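Hi,

Here is the structure I promised to pass on. Have a look at it first, and then read my notes below.

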Amino acid sequence: MRKAGRMILMPENLPPKIYQDLGLTDYEYERIVSILGRQPNYLELSMFSVRWSEHCSYKSSQKALRDFPTEGKRVIQGPGENAGIFSIGNGLAIAMKIESHNHPSAVEPYQGAATGVGGIIRDIFAMGARPIANLNSLRFGPLDRPKVRYLLEGVVAGIGGYSNCVGIPTIGGEVYFEDCYEANPLVNAMCVGLVKTDTIIKSGARGIGNKLILIGSATGRDGIHGATFASDELDESSEERRPSVQVGDPFTEKLVMEACLELVERGLLVSLQDLGAAGLTSSSSEMAAKGGVGLEIDISRVPLRGEGMQPFEIMISESQERMLAVAEPDKVEEITKVCDRWGIRAAVIGQVTEDGILRVVNESQTLAEIPARALSQEVPLRNLEVRRPAYLDNLHHYPLPSLESEKDLSQHMLELLASPNLCSRQWVYRQYDQLVETNTIGLPGADAGVVRIKGTHKALAFKIDGNGRYCYLDPFAGGQIAVAEAARNLVCRGAQPVAMTDCLNFGNPEKPEIYWQFVECMRGMSQACRVLGIPVVSGNVSFYNENFGEPIYPTPTVGMAGLIEDMRWCTTPEFKDEGDLVVLLGETHQDMGGSEYLKLFHDLIAGQPPALDLDLEKRVHLCCLEAIRAGLLRSAHDCSEGGLAVAVAESCILGGLGATVNIQEEHKQTVALFSESQSRIVVSLKEEDLLHLEEIGRRHKVPVKVIGMVGGDRLTMGKVIHLTVTEMKKVWEDTLESIMRI
Amino acid sequence: MSKVRFGVIVFPGSNCDRDCYYVLKDLLQVKVDYIWHQEEKPKGFDCLILPGGFSYGDYLRCGAIARFSPVMEFVQDFAEQGGLVLGICNGFQILLECGLLPGAMLRNQGLKFVCQFIYVRVDNNQIPFTGAAQPGQVLQLPVKHNEGNYYVEEETLKEMKRRGQIVLRYSTKEGVVTREANPNGALDNIAGICNERKNVFGLMPHPENSSEPILGSQDGLLIFKSMLQYMEDGEFRYGGGEEFRYEEGREDDLDA
């Protein structure tokens, strides 16, 4: 312990209001002065500025996020740790989290996406969990622009380059193309890990005198002020921010991961935390604040890779592949041995103190003293104004086309299947290792990815989902739909939805209209979570997704986990056999607002998004799950973008089988085929099982309607669609391949 | 339980080591242990596996750094003494780099990582790694790699064909070797080759990721079972048996 009464190094004469250049407001600066009881020096100011950035502190979103239900009988760890954790029985649990890396990917797509994946993987093994699956959610502008293709190409390569190398299967994802994401693409990466409940480790530092150990890469000048960059809108100067983007080293990550998992398994660590945005500053202040202790960091002991690095650079560097651990002093030697064996560094850089102060020293010289709790948790929360955007009324009352006289619906169907938003994503996921770890029993390309849990009969399905268009038209309804649809996708796989993580991508929250979108979306998502009984265990918020003042659509991404108690229940979307009945669970309504059909053939994004009855949604899930568990369903596939027609077509294409389907008389043909009504699942089953399914449907008050039969080599729907499976498959499979070949 | 003991070599960055271990231990109930890349004289192993992954991050060139790992001298000696050495994907690349197998890997023709199930035809079932296969049997296995575009100069290829060193070739489900069936542009659709002595075998597809029906295919098991059968049959039969004749006629399919 250091002697009391040391002088803090104050290289003052700071330019007035320099805090503004660092992104702090006048009020925040006043708070800092009052917390410290004096003027901060430059190092302290830098630490506050990154830790109190929107990206790290959630100062604009914290209040709204409190609305999420975060408790449930399976929840072991809710939001606030590196990742959330829920139990799956057998003494096992799943850690899961999702995070955005939008701005870095906009200026350097490969490294931006790669380091996004790297960061989320560290969040998972920081809990002591071995990563078992990656997923990702991507948004780009229209593919006819070369820059967009460059971004897509780089992002996908970056995600694959990182997760393939670390050896984690990428089992699912989604990608959509829309004008609003042209200059501000979204890259949301999700990782899930498996952990024994008795080896879960957390980040709170404990034990006065315990050592603080920095594990992994040396610290360089990369990513200085990355968190601040992420908390700003993109503009013409953004390209100059490329040095704010870090460079990923997946090989080192793999070694750091194996070393950390070994250290945790052998019980050598007290706590563990990943270094992400705002580097040492953020991780150390969180560890100290959560443990109710102080930490002292001697920067002279931090292994560096840059010459002459300033203290503030060391404290806020976002160099990748680093972890911070607390361990008892007598374990340090063993820890160093383990790390040596894996060929990575482990440097003791400080210790746990009892005074609650985060103290930065350079050998004997004190450079900064900040109450850790204040730095980590006492950012002034912002009270932001909300205002319902004026555009909504216009869009809601926009006269939608009658769709009475649509011609050649077969041709329309082919164009829908070929549209970038609905076509096969094989071009993307073929670039990801989907199989490593020999657990993937549900590959990408279906409603959700599935991994089995070795040594049990269980499997887990994971889905990542969001629809910015619906949220733009009505953020409350769109938020509800995002949750409901992710859950429905899991149900189609035979999984009971059990937990959720989310990544909330929005524009600049200082604009009242944007903040209104955010609050409304939260409200919708929370309500859906409550009704469907799905707790939120972790999450991430990404604001300032704007380019030259134009915001993206409000785009909440939902990452959801579903438990399959018996992996034999795992169900797939493709039709299996000639003669099987095609049955629709749920009902089709006039829900053309925000549909892919209106966008594609009428160039229209308007109207109300599909209506959602959450109680019906829940009953449809129960009905479908009961039928799957009874062994009745041969296939199950969610009806969503593109409507019933596209859902049935996909079941045909994937199964290599045709079908004859009737169209409900009460609707216009176009509506019956392409309406995007929620709470619908297309299933197929043997004729002799129909009575049983109808009985289940009656009990759950879910409409069960036979709409056709599997068979032949073509899909016929009513009198208007006649297409061979081969021609549908060709356009569906070729789109991305041929666009990306240019 | 079989007396045969497998060793799975772990290089920094290997990531299919656990998968190979799982297949041998849990599915085939065979003795298996990891061998750390720094071990110079591991003892008591009957078969070695160099697993897939990204040894040393593939940073210089796939397998180029791993070949200098301390354990590699042992692998060379082991192979020279006739021990069975299986290299999968990155392991195959390491075997090429260290010269235990001829040829080199180029980047995939499409310049992208490719992960998908493909078919390979067994063109030589007279070696310890494919002995359980029927002649010309087609296996469904996954590939997942960036550099699987096999290349070797013409003269060597001729020799390899004559000696039956071309073991697996990308084909259609029906066993026809076509350009469309080739996921990476590999010369002559070559997916797996062995050395002259037939005791070192490298392949790009991943048999360990396709050894259970629930994973979509269990054809990969055939490779491990063949090795096991061969070892259990008794003494090593290095280069024994009759010489394999390469079926030149099938070449035509490539131009079809």
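B:Gln29 sits in the loop that runs between α1 (17-27) and β2 (31-36) of chain B. Its phi is near 50 degrees, which is a positive value in a residue other than glycine. Before you go further, keep in mind that this is a predicted model.

There is another residue of this kind in chain B: B:Asp188, with phi near 55 degrees, again positive and again not a glycine. You'll find B:Asp188 in the loop between β9 (166-171) and β10 (190-194) of chain B. Is B:Asp188 buried or exposed? The relative accessible area of B:Asp188 is 14%, and the cut-off for buried is under 20%, so B:Asp188 counts as buried.

Staying in chain B, click on B:Val8, which belongs to strand β1 (residues 5-10). B:Val8 is buried, at 0% relative accessibility. Leaving out residues up to four places away in sequence, B:Val8 touches B:Asp17, B:Cys20, B:Tyr21, B:Leu24, B:Val32, B:Asp33, B:Tyr34, B:Ile35, B:Ile49 and B:Pro51. Try the distance tool on B:Val8 and B:Phe45 too: they are 37 residues apart in sequence, and their C-alpha atoms are 9.8 Å apart in space.

Now zoom out to the whole of chain B. Its secondary structure comes to five helices and eleven strands. A compact globule of 256 residues would have a radius of gyration near 18 Å, and the 17 Å of chain B agrees with that. Along the principal axes, the C-alpha atoms fill a box of roughly 50 × 40 × 40 Å. Of the 256 residues in chain B, 61% are buried. If you take the contacts in chain B with a separation of 6 or more, 77% of them are between residues 24 or more positions apart. Chain B exposes about 10400 Å², and carbon and sulfur atoms supply 46% of that. As for charge, chain B has 26 positive and 36 negative side chains, and the centres of the two sets lie 2 Å apart.

On to chain A. Here the count is 26 helices and 28 strands. The radius of gyration of chain A is 26 Å, close to the 27 Å that the globule rule gives for 742 residues, so chain A is as compact as a globular protein of that length. Its C-alpha trace spans about 85 × 55 × 45 Å along the principal axes. Buried residues make up 67% of the 742 in chain A. Of the contacts in chain A between residues at least 6 apart in sequence, 85% join residues at least 24 apart. The accessible surface of chain A is about 24700 Å², with 49% of it belonging to carbon and sulfur atoms.

A:Val360 is buried, with a relative accessible area of 0%. A:Val360 and A:Leu43 are 317 residues apart in sequence, yet their C-alpha atoms are 9.2 Å apart in space. A:Leu43 is one of the residues that A:Val360 touches, and others include A:Met47, A:Ile297, A:Ile299 and A:Met315.

Next, which residues of helix α16 in chain A are buried? They are A:Leu409, A:Ser410, A:His412, A:Met413, A:Leu414, A:Leu416 and A:Leu417. That is seven of the ten residues of α16 (residues 409-418), so this helix is largely enclosed by the rest of the structure. Its buried residues pack against several elements of chain A, among them α21 (596-602), α23 (643-655) and α26 (725-741).

Last, the cysteines. How many disulfides are there over all chains? A search of the whole structure finds zero. The sulfur of A:Cys56 is 14 Å from the closest cysteine sulfur, in A:Cys503, and that is too far for a bond. A:Cys521 is in no disulfide either: its nearest cysteine sulfur, that of A:Cys471, is 3.8 Å away, and a disulfide needs the two sulfur atoms within 2.5 Å. Both A:Cys56, at 10% relative accessible area, and A:Cys521, at 0%, are buried.

How values were computed. Residues numbered from 1 in each chain as written. Chains lettered and ligands numbered in written order. Predicted model: local features only at pLDDT ≥ 70, side-chain atom pairs only at ≥ 80, totals over all residues. Heavy atoms only, no water. Buried < 20%, exposed > 50% of the residue type's maximum accessible area, 1.4 Å probe, protein only. Helix = DSSP H or I, 4+ residues; strand = E, 2+ residues; numbered from the N terminus. Rg over C-alpha atoms; globule rule 2.2 N^0.38 Å. Contact = heavy atoms within 4.5 Å. Areas by Shrake-Rupley, 256 points an atom, 1.4 Å probe, with all protein chains shown as cover. Lys, Arg positive; Asp, Glu negative; His and termini not counted. Charge placed at Lys NZ, Arg CZ, Asp CG, Glu CD.
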